[in-house]
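Thanks, everyone. I'll take a few spots in this protein one at a time. Please keep the structure open while I talk.

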Amino acid sequence: MKKIIIIGCPGSGKTTFAEKLSNKTGLPLFHLDAIWHKPDKTHISREEFDERIKEIFDMPEWIIDGNYSRTIEMRLKQCDTVFLFDLPVDVCIQGATDRIGKGRYDMPWIETKLSAEFKQTIEEFPSTALPVIYELLEQYKAEKQVFIFKSREEADGYLKSVR
């Protein structure tokens, strides 16, 4: 377990898990949100984003935290381990709501509200993004370690087993 991706719905707990896993393993952690977003709430180009991800791939070990559906297959091809957070929508909406007004190490600004668009992304995630993710996992599962968490308690239990 040297090249890890952590994917799943926004608000599911990916970033918190990634931070704890990095602390336990010593693997360097890269947050896709921190790469994509600029402090002025704009973002870098897709080409620059892809190049930055490819630079991470050249490292001998890493954890990449974030969904960014367009790049999941690219990351799946490079990783040896996948953690998927497949939590209920209400848990994810609560997770996104709970971080409003709090500084985060993976975002260059503090969110002040849960936008209707972002809430809709979370609500639609099980029907739009998850089927594609599961299809990709099926395609790559023979060559990857895949862990699927259906609750934060499962993720916490996994972390307790890491030495």
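Let's start with a tryptophan. W36 has a relative accessibility of 14%, so this residue counts as buried. The cut-off for buried is under 20%. One caution before I go on: this is a predicted model.

Who is the ring partner of W36? That partner is F49. The two ring centres are 5.1 Å apart and the planes sit at 75°, so this is an edge-to-face pair. W36 belongs to helix α2, residues 32-36, and F49 to helix α3, residues 46-57. The pair therefore ties together parts 13 residues apart in sequence. F49 has a relative accessibility of 1%, so F49 counts as buried too.

Now a second ring pair. Are the rings of F83 and F147 stacked or edge-to-face? Their centres are 4.9 Å apart and their planes are at 15°, so they are stacked. Find F83 in strand β4, residues 81-85, and F147 in strand β5, residues 145-149. This pair ties together parts that are 64 residues apart in sequence. F83 is buried, at 0% relative accessibility. F147 is partly exposed, with a relative accessible area of 22%.

F17, F83, F85, F147, F149 and Y158 make up one aromatic cluster. Over the whole model, the count is 14 aromatic pairs.

Next, helix α5, which covers residues 89-98. Which residues of this helix are buried? They are C92, I93, G95 and A96. Look down the axis of α5: these buried residues fall within an arc of 160°, so they line one face of the helix. What do they pack against? The partners are α6, residues 116-140, and α7, residues 152-161.

On to empty space. Rolling a probe the size of a water molecule over the atoms shows where such space is left. How many cavities of 30 Å³ or more are there? The count is one. The volume of the largest cavity is about 40 Å³. Its lining takes in C9, then F85, D86, L87, P88, V89 and C92, and then I122, F125, P126 and L130. The elements that give two or more residues to this lining are α5 and α6. Helix α6 gives the most, with four residues. By type, the lining has 10 nonpolar residues, no polar ones and one charged.

Over to a histidine. H31 sits in strand β2, residues 29-31. Is H31 buried or exposed? H31 is buried, with a relative accessible area of 10%. Leaving out residues up to four places away in sequence, H31 touches T15, E19, D65, Y105 and D106.

Last stop, a lysine. K160 is part of helix α7, one of the helices that the buried residues of α5 pack against. K160 has a relative accessibility of 70%, so this lysine counts as exposed. Now compare the chain with the fold. K160 and L21 are 139 residues apart along the chain, yet their C-alpha atoms are separated by 9.9 Å.

That's my tour. Happy to go back to any of these spots.

Key:
Residues numbered from 1 in each chain as written. Predicted model: local features only at pLDDT ≥ 70, side-chain atom pairs only at ≥ 80, totals over all residues. Heavy atoms only, no water. Buried < 20%, exposed > 50% of the residue type's maximum accessible area, 1.4 Å probe, protein only. Arc of directions from axis to C-beta. Contact = heavy atoms within 4.5 Å. 1 Å grid on protein atoms, 1.4 Å probe; cavity = no way out; pocket = protein on both sides within 12 Å on 5 of 7 lines; lining within 4 Å. Points joined across faces, edges and corners; volume = space filled by probe spheres on them. Nonpolar A, V, L, I, M, F, W, Y, C, P; charged D, E, K, R; others polar. Phe/Tyr/Trp six-rings, centres within 6.5 Å; stacked < 30°, edge-to-face > 60°.
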